[in-house]
Amino acid sequence: MDKRVPWFLVNSYGLANFTFTLMMFLGLFYYANFLTDVALISAGHVAVIMFITHIVDAVSIPFSGGIIQKTRMPWGRFRSWLTFIPVTTCIFFTLTFTNLPLSYGIKMVYLSAVYIIANISLNFAYNAHMGMISVLSTDSKGRLRLSSRNMQFGMASQAVFSVAVVPMLLFFSRQSATWGFFYTTGILGIVQIFGYWNLFYQTKGYEDYIPDKKVTPSHNMTVPEMVMQIFGNKYLMILMCADCAVNLGIFNIQTLAVYYFKYVSKNEAWISAYSLTLGIATFTSTIIGPIVAGRIGKKNTYLLAAIYSAVGYLVLRIYGASGPVVYIGIVCMIKLGAGLFYPLRQAMFMDTAEYGYYRTGKDASAFIMSMLTLPTKVGTTLAGTVATAGLAFIGYEAGMEATDQFISSLMNIICFIPVVCGVIAFSLMLFYSLSEDRVAEYMKANKIKRAEAK
């Protein structure tokens, strides 16, 4: 039996996600609003920016995963990326929230370019972070523990975001919204650096580096072999497609949250209470999720979360426009059930990696774990594009007076997209038949293969 991962290391692994997610929440909640209301880019052009930048970002994910898979550096295949990459992420993520006195067209190009560079940079650090689960533990329970704690810390960051980051943003924005975003993003970027550096320090000794040792055949993969690790792994494909649908629904409602509180409730300050209660609800679901999965299995937990989400957003459409308290209450109830699958994703991706190794004899754990972020990026791309295109379609203009018709149309794009996404995810996961017992058999066989490959 594998040695239990130390408590402090498990929490350092989660803390890195906490600092990273804290930074990313600013982009999730405010980037579209920054572009439309601060940089004064039209909603239609924002949809174009979001589509192009997110497509490039998503395409960069398998490339970064492939580079991590094939590269050997002095501090390990994964750990090495946690040293310098967080610094470049901090610099360019901060620049994405700068409103320079440029012409309209040049400003669009500039903001698109720095966004792309920032996200390509963070992909390397985040993918390396996710991939480390394969070396920190080769035990199914250990990996579920790391996966759950990682997500718990990530969701806890939302509560901190609401009580600390939102007030900080409002404080810095009193004189200038431009400088408010710049200062806030810079501070969060620096916090992200120290989160990853702490993980780098705490994982010392978990990845051995022998300068003269060649990459083992099981790790030395060609590009076509890496591509086949995706398209030849049916369980990975099902999981990724279901995740894409789920993330589209999640990021759609998050992107439009600021617009709800600004134009429906007519009090943007509610965003702080919304973020706090949503963070608490989602964090609670990450605690419940592993317990539920232990009783009914990871697949059934995922199915339950998907259908619960679809039903919940139908209820939100009926009652959500009644007021901010009702809206927040319903969304939080949705998250309690819909978030059950959050702490399972990382462990489920590792399950598909074990299946792939068992079938092909090629250990593509680093590459497959990099795919964990792809559904998130695809969901962000689609949500950013669909949400802002939806705003343009219903006639949104910055500072407009919200009519009853506009409010009804806004509620439609807020709610019906997640409903459809939940149904799609549920339908896809019905074909996911990678059971707990089968994964255990694959891991047992793969453990012998890995020992022989050393």
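1. A quick definition before we start: a crossing is left-handed if the near helix is turned anticlockwise from the far one by less than a right angle, and right-handed if clockwise. The crossing of α9 and α13 is left-handed.

2. Keep in mind that this is a predicted model, where local features need pLDDT of at least 70, side-chain atom pairs count only at pLDDT 80 or more, and totals for chains, interfaces and linings use all residues. Residues are numbered from 1 along each chain as its sequence is written, and side-chain values use heavy atoms, with hydrogens and water left out.

3. On confidence (pLDDT, the predictor's own score for each residue, from 0 to 100), the chain averages 83, with 95% of its residues at 70 or more. Helices here are DSSP runs (H or I, at least four residues), numbered from the N terminus.

4. Back to the pair: the axes of α9 (residues 234–264) and α13 (residues 345–360) come within 8 Å and cross at roughly 155 degrees. So α9 is roughly antiparallel to α13 (an angle over 145 degrees). Axes are lines fitted to C-alpha atoms over the stretch in contact, with angles from 0 to 180 degrees between N-to-C directions.

5. Who meets whom? From α9, Lys234, Leu236 and Asp243 are among the residues that meet α13, whose side includes Arg345 and Phe349 (contact means heavy atoms within 4.5 Å).

6. Finally, Ser309 sits in α11 (residues 298–319). Ser309 counts as buried because its relative accessibility is 12% (buried means under 20%, with a 1.4 Å probe and protein chains only). Leaving aside residues up to four places away in sequence, Ser309 touches Ile334 and Ala338.

Methods:
Helices (H or I, at least four residues) and strands (E, at least two) are DSSP runs, numbered from the N terminus. Buried means under 20% relative accessible area, exposed over 50%, partly exposed in between (1.4 Å probe, protein chains only). Angles under 35 degrees count as roughly parallel, over 145 as roughly antiparallel, 65 to 115 as roughly perpendicular and the rest as oblique.
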